[in-house]
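Let's take a walk through this structure together. Have a look at the model first, and then we'll go through it piece by piece.

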Amino acid sequence: MGNLYTSTTFMEHNSHPDYKYEMDSPTHEHDGINPSCGDELTLQLRVENGVIEEASFTGHGCAISQASADIMAELITGETVEEAKRLSELFLAMIRGDELTEEDYEDLDEAAQLKDISHMPARVKCAELAWRTLDGMLTE
Amino acid sequence: MIDIEANPYKADFPLLAGKPEITFLDSGATAQRPACALDAQRSFYETMNANPLRGLYSLSVEATEAIAQVRAQIARLLGAVDERGRAAARDIVFTHNASESLNLVAKSFAPLVLEPGDEVAITIMEHHSNLIPWQQACRAAGATLVYLYPEQDGTITDEEIAAKVGPRTKIVAAGHVSNVMGVENPIAKLADAVHAHGGYLVVDGAQSVPHMTVDVRALGADFFAFSAHKALGPMGIGVLWGRHELLEQMPPMLTGGEMIDSVTEQDAVWAPVPEKFEAGTQDAAGIYATGAALTYLTETVGYEAVAEREAALVAYTMERLAELPYIGIIGPAEAARHHGVISFNVRGIHPHDVASILDMSGVCIRAGHHCAQPLLTWLGVENLACCRASLAFYNDKSDVDRFVDGLATVWSTFNA
């Protein structure tokens with residue numbers, strides 16, 4: 001996972017997250033916490049006609065949790081709710097250590113960089129936080 | 001002056017000798033093991049393996065004798081000796097870890113003395129293992145859990161003791177040395193305060209036994225717990241020492257084999273202390289290895305050398321950390337009060353990121369809440385987490401240099 005910290009694109013998501021802000025009129029909002037790390041995250045979505053028109057998050061945590069949230073928000077913006085749910089399930093499966101197809105990794109795009117976190121149990125929760133929050137929100 | 005550049009101990013530790021790329025600064029979580037302790041574990045199974053206590057043949061007797069000797073060794077180590085200097089071996093109970101030892105006191109002893117409205121006082125610096133058992137005991141008895149708060153440098157003042165330990169206090173439970181702040185708590189003063197009101201003192205020695213001489217009589221402890229694995233021994237061996245008359249009154253927490261004198265269809269008579277508390281087959285090889293580890297710690301190395309070397313290493317680490325303006329130390333400013341433990345934060349960088357980046361250069365530190373969430377909440381540290389480097393006598397100057405250089409890399413990773 002060391003390569004995450006040396007990846008300029010990944011670290012850029014932590015230092016300059018494009019999707020970290022409070023939205024004006026979200027249609028969906030959900031909180032996620034990592035009690036063991038103290039990470040807290042609020043995910044907001046604006047969904048219109050089954051499509052995620054806008055996604056953003058606020059909160060605080062380690063670089064892994066913050067960058068992962070930013071990458072996720074970027075990925076799901078413009079996708080249908082069903083597609084976002086599929087992507088979050090793919091991501092969570094990848095983090096659990098499941099082997100995905102080449103196509104799946106392509107669909108996850110930048111998020112696929114977090115694959116090696118599965119070898120680092122202490123950091124899995126950090127990488128998962130935003131995605132679990134999304135999954136929880138879409139399952140409700 | 002101690003030469004921390006030289007390291008006469010590293011060769012005794014197979015993991016450290018075999019992995020020179022590793023800088024191990026997490027001894028507060030678990031120590032490394034010297035070869036003699038690993039050899040003892042193996043030698044038990046190779047030369048005296050039999051179920052202790054039960055057998056009537058010489059092999060089993062030998063195993064039983066080996067355990068009895070470690071019991072006596074630990075009693076002497078803790079200063080649990082009678083007026084004639086004889087070890088109170090029967091007052092040493094083997095458990096699986098310090099947590100279990102403390103649970104045994106909270107579950108078997110506390111109900112004998114706690115009444116509704118009574119108080120149990122602990123410090124906010126307690127490890128969860130000396131905190132949650134008291135939450136549970138208080139809840140069960142209708143008692144109140146009261147906290148002693150230190151000054152910012154970790155000192156618990158006489159005023160705080162006087163304010164929190166009073167006529168309602170039946171039990172004070174305190175860590176001998178804090179696993180986060182590194183400070184030694186005023187155990188003898190806590191003992192005087194609680195004894196003045198007829199209460200009892202429980203000491204969590206998990207972070208003191210690896211570093212310093214312990215004398216339960218001088219401390220005024222009624223119970224003292226520690227884990228072998230933090231003191232160079234194997235994982236899975238804990239110790240509880242208790243005053244004999246208190247252990248006598250306590251019911252067993254676990255029942256079953258080897259803890260009875262006699263059993264009928266409807267009843268059982270407990271074995272005497274300490275067997276009463278040791279249901280089922282014990283990890284005899286682990287206990288034997290614990291004896292070898294403690295002999296290494298106290299005789300081969302010696303507490304004096306441990307203290308001198310750890311103080312020199314901590315002083316050097318604090319000196320080097322002072323070069324980095326973005327490091328904030330948690331706990332006392334004086335190196336001598338740290339007992340190998342240095343907790344800190346890197347400004348604006350989450351402790352988990354610090355640990356992960358240090359790991360890239362082989363430096364192992366702990367990051368998180370250190371099983372002391374109420375303390376980190378009280379300290380008000382960001383993310384309820386901090387970093388902790390914990391040193392032992394088997395570390396050297398190059399370990400500290402790699403650690404500090406690693407922190408510079410951590411900083412530049414986020415502040416390029």
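Two residues count as being in contact if their C-beta atoms, placed from the backbone, lie within 7 Å. By that rule, and leaving out residues up to four places away in sequence, B:Tyr288 touches B:Ala40, B:Phe44, B:Ala66 and B:Val70.

A quick word on what you're looking at: this is a predicted model, where local features need pLDDT of at least 70, side-chain atom pairs count only at pLDDT 80 or more, and totals for chains, interfaces and linings use all residues. Residues are numbered from 1 along each chain as its sequence is written, while chains are lettered from A and ligands numbered from 1 in the order in which they are written.

B:Tyr288 turns up again in the largest nonpolar core, which has 168 residues; A:Met72, B:Tyr288 and B:Ala293 have the most contacts inside it. Helix 10 of chain B (residues 284-301) gives the most to this core, with 10 residues. The core also draws at least three residues from each of domain 1 (10-25 + 303-414) and domain 2 (41-298) of chain B, with bounds from an automatic or database domain assignment. A nonpolar core here is a set of buried Ala, Val, Leu, Ile, Met, Phe, Trp, Tyr and Cys residues joined through C-beta atoms within 7 Å. Buried means that 20 or more other C-beta atoms lie within 10 Å of a residue's own, with C-beta atoms placed from the backbone.

Now for chain A. Buried residues make up 42% of its 140 residues. Its C-alpha atoms fill a box of roughly 40 × 30 × 25 Å along the principal axes.

Methods
Buried ≥ 20, exposed ≤ 12 C-beta atoms within 10 Å, placed from the backbone. Helix = DSSP H or I, 4+ residues; strand = E, 2+ residues; numbered from the N terminus.
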